[in-house]
Amino acid sequence: MPFTFLIVLRIYCIGLAFMFYARKMNVSGAGLLVGTFVYTFSHYVTLNATRHPFF
């Protein structure tokens, strides 16, 4: 259970960080939402978040 919570929390934080970065790059509206979901649930992020929950 704690590992699952850490994985979900880490993916949530990755999405927030990308959203703040995209806003800084003046992306707004639907592009911001789509870009955040595409990056957050890409294969690279999902694989590394589930493989190494502590890093």
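Phe18 is partly exposed, at 23% relative accessible area. Keep in mind that this is a predicted model. Phe18 belongs to helix α1. So let's look at that helix.

Helix α1 covers residues 2-24, which makes 23 residues. From its first C-alpha to its last, α1 reaches 33 Å, close to the 33 Å expected at 1.5 Å a residue. Which residues of α1 are buried? They are Ile7, Ile11, Gly15 and Ala22. And what covers them? The cover includes α2, residues 30-40, and α3, residues 43-51.

Now the aromatic pairs. How many are there? The count comes to two. Take Phe18 and Tyr39. Their ring centres are 4.9 Å apart and their planes sit at 20 degrees, so this pair is stacked. Phe18 lies in α1 and Tyr39 in α2, so the pair ties together parts 21 residues apart in sequence. Tyr39 is partly exposed, with 37% relative accessibility.

Next, Phe37 and Phe41. This pair is stacked as well: 6.2 Å centre to centre, with 10 degrees between the planes. Phe41 is exposed, at 53%.

Last stop: the loop between α1 and α2. That is the place of Asn26. Asn26 is not a glycine, yet its phi is positive. Asn26 is also exposed, with a relative accessible area of 70%.

How values were computed. Residues are numbered from 1 along each chain as its sequence is written. This is a predicted model: local features need pLDDT of at least 70, side-chain atom pairs count only at pLDDT 80 or more; totals for chains, interfaces and linings use all residues. Side-chain values use heavy atoms; hydrogens and water are left out. Helices (H or I, at least four residues) and strands (E, at least two) are DSSP runs, numbered from the N terminus. The expected span of a helix is 1.5 Å times one less than its number of residues. Buried means under 20% relative accessible area, exposed over 50%, partly exposed in between (1.4 Å probe, protein chains only). Contact means heavy atoms within 4.5 Å. Rings of Phe, Tyr and Trp (its six-membered ring) pair if their centres lie within 6.5 Å; planes under 30 degrees apart count as stacked, over 60 as edge-to-face and the rest as tilted.
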